[in-house]
Amino acid sequence: MSEQRIIPARNWGQWVIAILLIAIVGFLLAMVIMSRHITWSAIPQYLFDETILEGIKLTILFTVLSMLISIVAGGVLAMMRLSPNAIVSGFASLYIWFFRGTPLLVQIIFWFNIQLFIPSIDIGSIHFDTNSIITAFVAALLALSLNEAAYMAEIMRGGLMAVDSGQQEAAKALGYTPTQSMLRIIFPQALRVIIPPIGNQTISMLKTTSLVSVVAAQDLLTRAQNIYAKNFLIIELLIVASIWYLVMTTVASSLQYVIERRLGRSTSDAPMAWRAALRLLRAEGSNG
Amino acid sequence: MTQQPEFTTSGAMVEALDVRKSFGAHEVLKGINLTIRKGEVVCLLGPSGSGKSTFLRCINHLERMSGGRILVDGHLIGYNERHGLLYEMSGKELARQRQDIGMVFQRFNLFAHHDVLTNISQAPMLIRGQSREQAFSRARELLKLVDLEGREDAYPYQLSGGQQQRVAIARALAMNPKLMLFDEPTSALDPELVGEVLAVMRKLAADGMTMLVVTHELAFAREVADRVIFMDQGVVVEEGPARQVIDAPQHERTKTFLRRMH
């Protein structure tokens, strides 16, 4: 019987679909490549254009700053949400409800136009023109950060709640104050749960920043738009921008992969995860 | 057989007066009165749901009482009394009181992200302000006491339940508590691991530690405890010298419970 040849089941349906896919993708590629309406030489020409590179810098700056601000604000909101005081936790719920419930695009435009109903800020004798403070950059950063903070709050709340309640009881029984228990016992263990989704949010944020182009905040997409407004090479510059977005998200994804592999996912890896997280925090701290 | 607790005597470590606790409409503790003297080892026995663990958790205010009061070493636990009213303490004040009361949990609750040495030495450094050298050398001493020399670098997940519980005992002892509370310390252990934890507790008792132990280990209670308190349905049914209560119970409910345990 052991001599018997075994022929695996052939799934003809899968083969048909595969061939169909190759045909469709090939057709689309051919259509793009053979198009006489695309100036291919413009792509390498603009790929490393100074304006474009400046835009990339700003896109990265928006991503890093808004993530840092939203992590801090989200942490505060998460703790407020878990507060026993109904008004404190109610405020956090309201914040999360509002900022998750309205489109980010609307929030960006709103912040950019805030001088329409708050023309100036007067603190005592000090007078500010709202317009001079809320530049496109500030409006964009504010909108991205405040919006992201709502999502971050939910991620952190989930992380804090994932830590076994026995850990807090043990800390209490030993005489840790609530603050000591949060900083030394609860938060470090919550990090293991919090870090992977923060990675996802960061990657997503790299692309989300393109929305700030509506207020001309000089990110990558704004710059590409500015260039094609003059030379009408719309598709070419969108391809340039897309290439750069793909590069950034690919690099971020591989970073995330490395971090998550170090973090591990099982409880048995908890201490290793903690050390990896610490390393990460130190590295982040020295960059920022 | 029940003796009236003597209040404000200098020899008392724990004094409980009419301690009550309700969860919603369900009354778990219906007025507990008891005294534990300094250096005494008391075992709290009773069927599950009798309120033993809840009472134990009231002693360091992990559980908020519904009525009555508890004094540890003469200090009212969990509240400040002003103008005849009880004001619940802040988190910081509670933390200060709990420093002197060690607690061992059924499910160990070792800090999962810390190795054994950090588990034992963090609180003495952070809370008592001990130096690293001081805290580490004391931790090593305690590891020797609980028979886990050389396991400083292990993480909780690398240890058996019995080993984790012995580290948990060492962690509590590192704060030099004047009272140790044990909440069913062997109930979550495989039978073959129970002995090693009881052996450590026996050592502690012999060293004169004041201990209140909620347990189902009758043999341990009979051998180690000075006194046994039997609770059922939120009241103290019977208390007295260990051998007397276990070998010759007076009360019908105690007799029924002990018959089922043997």
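The structure is a predicted model, in which local features need pLDDT of at least 70, side-chain atom pairs count only at pLDDT 80 or more, and totals for chains, interfaces and linings use all residues. Residues are numbered from 1 along each chain as its sequence is written.

The model scores ipTM 0.91 and pTM 0.81. Chain B averages a pLDDT of 93 (the predictor's confidence in each residue, from 0 to 100), although pLDDT stays under 50 over its residues 1-8. Where pLDDT is low, the predicted coordinates should not be read in detail.

The second largest cavity holds about 50 Å³ of space, the volume being that filled by probe spheres set on the points. Its lining (residues with an atom within 4 Å of a point) draws on both chains, including A:Leu174, B:Phe105 and B:Arg171. At least two lining residues come from each of helix H8 (165-174) of chain A, strand E8 (101-104) of chain B and helix H5 (161-173) of chain B. Helices (H or I, at least four residues) and strands (E, at least two) are DSSP runs.

Strand E8 also belongs to an open sheet of 6 strands in chain B, ordered E8-E9-E10-E3-E11-E12 with mixed pairing; two strands pair if DSSP finds at least two bridges between them. E8 and strand E12 (235-241) of chain B are the edge strands. Strands E9 (179-183) and E10 (211-214) of chain B pair in the parallel sense over 4 bridges, with B:Met180 opposite B:Met211.

Note on methods:
Chains lettered and ligands numbered in written order. Heavy atoms only, no water. Contact = heavy atoms within 4.5 Å. 1 Å grid on protein atoms, 1.4 Å probe; cavity = no way out; pocket = protein on both sides within 12 Å on 5 of 7 lines; lining within 4 Å.
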